[in-house]
Amino acid sequence: MTAPAWLSFTGDTWPMLRPPTETHTPVHVRWAALIALGAGLAGVLAFPRFGIWPMAFVSVGLLSIAVHGRRSQTGAWLGLLYGLAFFGPLLHWTGVYVGPVPWLILAVTEAAYCAGMGAMLPVVQRLPGAPVWVGATWVLQEAVRGRWPFGGFPWGRLGFSQAESPLRWFAALGGAPLVSFAVALAGAALAAVTLYARSRSWQSVTLAAAALVAVPTFGAVLAWPLKPAPDRDGRTATIALVQGDVPDRGLDFNSRRRQVLDNHVQQTLQLAADIDAGRATRPSLVVWPENSSDIDPYTNADARAEIAQAVAAVQAPILVGAILDGPGDHIRNVGILWSPAAGAGQTYTKRHPVPFAEYIPLRGLAKLVSSKVDLVSRDMAAGGGNGLLTDGPFPIGDVICFEVAYDGLVRSSVAAGAQLIVVQTNNATFGHSAETYQQLAMSQLRAVEHGRTTVQVSTSGESAIIGPDGGIRMRSGDLFTPSRLVTDVPLRTGKTLATRWGPVPEYVLGASALAALLVSVLHRRRRPMTPTGNTDTEEMVRA
């Protein structure tokens, strides 16, 4: 049967867009494996602490070269190699204090999603305009990985490597998924330049090179209409972040009863002394980090009295991070808005506790993997709502620790009216690793995505105040050092397109990837039988 014109991907039907897989053979499989491993390592370099953001393009481009022209099964193995080389080093911080087994299990699990993507890439790369479908496939992979299982783990998304790059401005249009798409599009265009050059298809080289240059250029141009003016809304507020530090690093950060709370109270009292002496401006809001009260202030009178003392001294509400008892045998991770007049008031309860860290799914099976499971003796209960706190001097959107990685959790409070995004976190359990810097990059991207000042405050660092343009305005010093940050910040009420559209761009791009996969498979099934009697599709999926 003759394929319809819209499925004819060769000849003159699609000038200058002929897929490179139609024009030359792939590299040898041994070289492809090495290229896939190199691609994963290149991806690590794009993220903090290295922060060489163009390496994200190189990472995507190298993987596209490795899998091009392959069968899906071979592509899956190459994708797995890529994922291991990428997530192994990137997530090394997860094993700093709990040993290598949980870290390796997490890295392998995340790499499995790259294997699925690796199976898709050779198929969609056979289509005209392959870089577009490659970009959509990356978004699909990240969308699934960020949702399943146990709510997913979005760490390592391409978009999170671009906090300092011009591509971050795509976040204001379509959130982190659109940034990931832009990165993957540029990376796939880079691969197309290389592949077309090998086949001496110079018109196609020109087109692919133009796409490679256009993506970051367009991101830079977006800054002009999207970058918030300093006085656009004409409203500012003085805020203070208190990083009190912890007595011990690692899993025993709060082993000395009330010491973490004492540290944050003392730093706040010193801030109050600076205010009284005219060395600092009185803030309208003070923010403490996650776990800053290491004992429940609702059940412990001493803790409650200490927090009240700090609030009275600074004469401003404090957003306190605390671990509360209940319901039942569970605990809750909360932010408490504590005011001078009313005391403990409105609360936010963490909506996405971290599986195997804050609660243990499949506890019996998990014990076979690591004895550290028993350190989580009480599972953390998840909260609800949208994260908006309205009882303070202005509406606050609160997320706690890893929640900053989840699009919907951050967006919900801004969509509900938050004028400031707060990320309360405790990074003491990860030592001097790259985790805190990777998390800070996420907070920077969220600031651009929603056009909001975003503050990240940690027990041990790194704490920072981030402007609506994603730039860091103030940051704490060395890790595990007390710090106080006080400054005026702009408050915003307008909503970006990303805030308004929510997950729609991600859904559209993910659906586009699936549609491209279907179209490519249908086209292959319509091609003539090979001399061995197999269709190209059957050959593609064989080992």
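How many bridges join strand β3 to strand β4, and in which direction do the two strands run? Strand β3 covers residues 318–325 and strand β4 covers residues 331–339. The two are joined by 8 bridges and run antiparallel. Within this pair, Asp325 stands opposite Ile331 in β4.

The structure is a predicted model, in which local features need pLDDT of at least 70, side-chain atom pairs count only at pLDDT 80 or more, and totals for chains, interfaces and linings use all residues. Residues are numbered from 1 along each chain as its sequence is written, and side-chain values use heavy atoms, with hydrogens and water left out.

The protein contains 15 helices and 12 strands. Both are DSSP runs numbered from the N terminus, helices being H or I with at least four residues and strands being E with at least two. Of the 543 residues, 57% are buried. Buried means under 20% relative accessible area, exposed over 50%, and partly exposed in between, with a 1.4 Å probe and protein chains only. A contact requires heavy atoms within 4.5 Å. Among contacts between residues at least 6 apart in sequence, 71% join residues at least 24 apart.

Strands β3 and β4 belong to an open sheet of 6 strands. Its order is β5-β4-β3-β2-β1-β12, and the pairing is mixed. Two strands pair if DSSP finds at least two bridges between them. The edges are held by β5 (343–349) and β12 (483–490), each with a single partner strand, so one side of each has no neighbour in the sheet. From one strand to the next, the twist averages 35°. Helix α9 (residues 301–314) lies across β2 (285–287), β3 and β4. This helix runs at about 35° to β4. Axes are lines fitted to C-alpha atoms, for helices over the stretch in contact, and angles run from 0 to 180 degrees between N-to-C directions.

Another open sheet, also mixed in pairing, has 6 strands in the order β6-β7-β8-β9-β10-β11. Here β6 (388–389) and β11 (472–475) are the edge strands; each has a single partner, so one side of each is left without a neighbour in the sheet. Strands β9 (residues 454–458) and β10 (residues 464–466) run antiparallel and are joined by 3 bridges. Val455 stands opposite Ile465 in β10. Helix α11 (residues 407–415) lies across β6, β7 (396–400) and β8 (420–425), at about 165° to β7. Helix α12 (residues 435–450) lies across β8, β9, β10 and β11, at about 160° to β9.

Arg351 sits in the loop between β5 and α10 (363–369). Arg351 is buried yet has no salt bridge. A salt bridge needs a side-chain nitrogen of Lys or Arg within 4 Å of a carboxyl oxygen of Asp or Glu. The nearest side chain of opposite charge, Glu403, is 4.7 Å away. Lys and Arg count as positive and Asp and Glu as negative, while His and the chain ends are not counted. A polar atom of the Arg351 side chain lies 3.2 Å from the backbone oxygen of Gly385. Beyond four places in sequence, the contacts of Arg351 include Asp398, Leu409 and Ser412.

Ser59 lies in helix α2 (residues 55–67). Its relative accessibility is 1%, so Ser59 counts as buried. Among the residues Ser59 touches, beyond four places in sequence, are Ala39 and Tyr82.

Arg126 occupies the loop between α4 (100–124) and α5 (130–145). Arg126 is buried, with a relative accessible area of 10%. Arg126 and His523 are 397 residues apart in sequence and 9.8 Å apart in space, C-alpha to C-alpha.

Note on methods
Polar contact = N/O pair within 3.5 Å; in protein donor to acceptor, adjacent residues only side chain to side chain.
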